[in-house]
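Please keep the model open while reading.

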There are 2 protein chains.
Amino acid sequence: MAVDAPALSPRPKSLNPKLVPALPSIAAEVSALLDLKAAGRSLRAGQEIVSEGRRCNAVFLLIEGIAIRYRILRDGQRQILNFILPGDFVGVTSCRFDSALYSVKTLTAATIAPIPLSALMALAETNPQTAARLFWSFSSEAAILAEHLIAIGRRPAIERVAHLLLELFSRLQRIGLADERSYRLPLTQELISDALGLSIPYVNRILQQLRHAGLATIKDRQVIIQNIEELAALADFEHTYLRPLSIGELVP
Amino acid sequence: MAVDAPALSPRPKSLNPKLVPALPSIAAEVSALLDLKAAGRSLRAGQEIVSEGRRCNAVFLLIEGIAIRYRILRDGQRQILNFILPGDFVGVTSCRFDSALYSVKTLTAATIAPIPLSALMALAETNPQTAARLFWSFSSEAAILAEHLIAIGRRPAIERVAHLLLELFSRLQRIGLADERSYRLPLTQELISDALGLSIPYVNRILQQLRHAGLATIKDRQVIIQNIEELAALADFEHTYLRPLSIGELVP
DNA sequence: CGTTAATTTGAGACTCATCAAATTTTGTGG
DNA sequence: CCACAAAATTTGATGAGTCTCAAATTAACG
């Protein structure tokens, strides 16, 4: 089921001390079916997977590492749409248009497995049940975007930051990349500000508030959630939106 | 292919003077297959289709009328996530969780056709190709949410408002519900403010700016885009994100 | 171990929110 | 079809939240 970690080339310098995590079941299923393990490509930190304005002829399964999806506006500002974690598919939205609407790039060293659109179409022909499950799973991305929209549209900066830290915590924990109250991630203040529509100096001040309140700290590329309950209360965080039902769980 | 307007009961009191628009092809296909026309239910303005916190056991095809998807926050604020227009599916994200994350309610009189999840599952069994196309089409919603996220996160109020007016214009035009430079829609300032994360008085002032600049006017539930080019330039509006490729157009 | 990247601090300005009230428009029952 | 109640728009004054700019400090990396 899960991708076998030792089968991939070990990467001692990886920022992530953990092994390759378990993939969500549909990702594992597709991975097995299309032999994606063999197709894995290693990327360095900062490499683009998808480039805005360019045709995108594949979707990618992120096997290891962290990436972001973002848009650069005409005035040079950046808006990060979401963080992409192991087990997530990359480029699903981008390949739906004749040129990609967003860019995706790695934040750490990463391993990705491309799935050419032709393979996806073939899958829809030869294995339509799996394809349906896969496509169904794609729509869960909308829930995360919607939650970001709510946070950015209607919540003050401190709640947004708290919410982001908790979302990443919850998602990483789910795939075995976080422990009880912390996770490793090169989450710079610039990334936070671009994800939440804030300025870097203000994010800095917000982080100080969280630190002084004993709620959360970022240090040495490590995010430490010191008081989960209080932070969740502050952020009005409820992790249901990160736990979509698979197609099989819909009708009990 | 398209839904036959006269076949549906005419609704003289409808706020919308136009007839039922052509559905997108996948919607038409599913509609025909499941005989959704016969299943159409009429709703009055302001009725809830999906309620946050409640189990949602169906998706709905909006056949006629306008709806919004939104969340009410703990402090009573509302964030509108998107506007739902004829031909759009409702509740796709909501039914993916054991209780709906958002509410959906009509803004005008409307006609919807429920598709029980069981029917959707059955479709995936009996007609997996169609199901795959349908599920694939669901993921285009993410592009609209992403664009909203960018607007709210990184653009000043006047650009957000301009962007929203143009998005609705473009989407309505596509389904035959807008003419050259205007469309009918009960778009109150409260709706705009809740969609864009602004206050009502400020939206009011922004609309005055747009009006005085000769760019756009809202009057008598009608939105008039007086200068499309200039408004689009102001908003940095590019409608690619509203024109996803169907699954068949992906590999040319 | 230097050089670039990231964080931190301060001062000042500006966008936009809040609150309150007046005005206009819309919907509705008589 | 009018009159009234409710909803929506408009205006003003004030203040909070957040941004910008600039520079200093600290941390990361080859």
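## A buried pair in chain B

In this predicted model, B:Phe169 is buried, with a relative accessible area of 4%, and B:Tyr183, at 1% relative accessibility, also counts as buried. Both values fall within the buried class because that class takes in residues under 20% relative accessible area.

These two residues form an aromatic pair, with 5.9 Å from centre to centre and 25° between the planes, and the pair is stacked. B:Phe169 belongs to helix H6 (residues 157–174) of chain B, while B:Tyr183 belongs to strand S9 (residues 182–184) of chain B, so the pair ties together parts that are 14 residues apart in sequence.

## Aromatic pairs over all chains

Searching the whole structure gives twelve aromatic pairs over all chains. In chain A, the ring centres of A:Phe169 and A:Tyr183 are 5.9 Å apart and their planes are at 25°, so this pair is stacked. Here A:Phe169 lies in helix H6 (residues 157–174) of chain A and A:Tyr183 in strand S9 (residues 182–184) of chain A, so parts that are 14 residues apart in sequence are tied together by the pair. A:Phe169 and A:Tyr183 are both buried.

Ring pairs also link A:Phe89, A:Phe135, A:Phe138 and B:Trp136 into a cluster.

## Charges over rings

Arginine side chains also meet aromatic faces: A:Arg78 lies over the face of A:Tyr70, at 5.8 Å from the ring centre, and in chain B the residue B:Arg78 lies over the face of B:Tyr70, at 5.8 Å from the ring centre.

Terms used. Residues are numbered from 1 along each chain as its sequence is written. Chains are lettered from A and ligands numbered from 1 in the order in which they are written. This is a predicted model: local features need pLDDT of at least 70, side-chain atom pairs count only at pLDDT 80 or more; totals for chains, interfaces and linings use all residues. Side-chain values use heavy atoms; hydrogens and water are left out. Rings of Phe, Tyr and Trp (its six-membered ring) pair if their centres lie within 6.5 Å; planes under 30 degrees apart count as stacked, over 60 as edge-to-face and the rest as tilted. Helices (H or I, at least four residues) and strands (E, at least two) are DSSP runs, numbered from the N terminus. Buried means under 20% relative accessible area, exposed over 50%, partly exposed in between (1.4 Å probe, protein chains only). A charge sits over a ring if NZ of Lys or CZ of Arg is within 6 Å of the ring centre and within 35 degrees of the ring normal.
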